[in-house]
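Please work through the two exercises below with the sequence and the model at hand. Each task is followed by a solution that goes step by step.

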Protein chains: 2
Amino acid sequence: MLEVGSAPDEPCLRADAARNRARLLEAAARLIAEHGAAGVTMEAVAAAAGVGKGTVFRRFGDRTGLLTALLDHSAKKLQADFLGGPPPLGPGAPPVERLRAFGVAVLYRSAEQLDLHLAAQPEPTRRFSHPSYRALHTHVTVLLRQILPGADHELLARPLMAFLDPALVNHLTRQCGMPMERLEKGWLDLVARVTRTEV
Amino acid sequence: MLEVGSAPDEPCLRADAARNRARLLEAAARLIAEHGAAGVTMEAVAAAAGVGKGTVFRRFGDRTGLLTALLDHSAKKLQADFLGGPPPLGPGAPPVERLRAFGVAVLYRSAEQLDLHLAAQPEPTRRFSHPSYRALHTHVTVLLRQILPGADHELLARPLMAFLDPALVNHLTRQCGMPMERLEKGWLDLVARVTRTEV
């Protein structure tokens, strides 16, 4: 799933380097899932991936570089899944089913990487123009256009996106103690209401 | 509308001091509406209210104190309006009409004080536990409970609140160039869909 050679500074990343990078990102993701973003150090990632510390620094520069690469990796994977993966997330299923599956996928991805998402939240004036937000918002808008041809998709996509906001998922699960199952049910209910369909 | 003597450090604010405070806050609000939050200095507020600069400093300490007092003042005014003011915002109108009026009032209030709201946005982990957010969220939850007795009001209130987020209003109006009328229409459409009523 890694876009080998896609970054501007690595036009022809060699196969072993790409494998190394993938292994490091997977190790870091595993560490975050187990210990939260705060527990992720360059040393821990090197140890977990079975490579030298120098390799991690050479590859990502510093901890911020590693966390950014990790979010980017996960965003691209999700995007690949909803743009070209199997239905109901990918093409082939009716648009309202794709919208349901999209929200559930984003919710669980946010929950798995909460610390990472919170650490990376842009400031208020950039929250809605940030590329990672825009990519998801565009997808929701496109699906709504297919489901509700006459509606204001651009605006209707906003409250749907807001339900999937990692800061809200953090508040509901960690601060209010809600189980993810309730959020998932809440998403399906919201989709049904907004699209005037049944759950 | 000022809660005279409501702050813990001013148990018996004298009438002339209260009038002074109200005049200063009104002058500051006017300046923000005209020039944005960045244009508001202690000097400009003193001049606009026709008092000495020392009075402004004595009353609010510094610029941050003034901006905080201003947001607080506006939040309390809005709260008084939807809890005890005339219908359809206040009690007496059917709950769905109150919900419609509430969103429109919050939208226009946000638009009038965008800079102020943006400057005061709490960090992501406190966004949903902030007292000003909670007061509005509680009101929306209470109205939804009356409109949709069987629904998950706590969760359904979230996307409605998100539509009124000053950071989103800022993005849609200033960064995307949408007129407020479209946001107002979008709110009424969203309320209709979420409550399964007609616009």
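This is a predicted model: local features need pLDDT of at least 70, side-chain atom pairs count only at pLDDT 80 or more; totals for chains, interfaces and linings use all residues.

Residues are numbered from 1 along each chain as its sequence is written, chains are lettered from A in the order in which they are written, and side-chain values use heavy atoms, with hydrogens and water left out.

**Exercise 1.** Describe the interface of chain A and chain B.

*Solution.* Begin with contact (heavy atoms within 4.5 Å): 35 residues of chain A touch 35 residues of chain B. Next take buried area (the accessible area, with a 1.4 Å probe, that two parts lose on being put together, summed over both), which is about 3100 Å² here, with 62% given by carbon and sulfur atoms. Of the area that chain A buries against chain B, 23% comes from Leu155(A), Arg193(A) and Arg196(A), more than from any other three residues. Finally, look for salt bridges (a side-chain nitrogen of Lys or Arg within 4 Å of a carboxyl oxygen of Asp or Glu); the rule finds four across this interface, and Arg182(A) and Asp152(B) form a salt bridge at 2.8 Å, N to O.

**Exercise 2.** Describe how domain 1 and domain 2 of chain A meet.

*Solution.* An automatic or database domain assignment gives the bounds, with domain 1 at 14–61 and domain 2 at 67–195 of chain A. Nine residues of domain 1 of chain A are in contact with seven of domain 2 of chain A. The area buried between these domains is about 640 Å², and carbon and sulfur atoms give 81% of that area. Leu25(A), Ile32(A) and Ala37(A) lose the most area in domain 1, together 63% of what that side buries. The count of salt bridges between domain 1 and domain 2 of chain A is zero.
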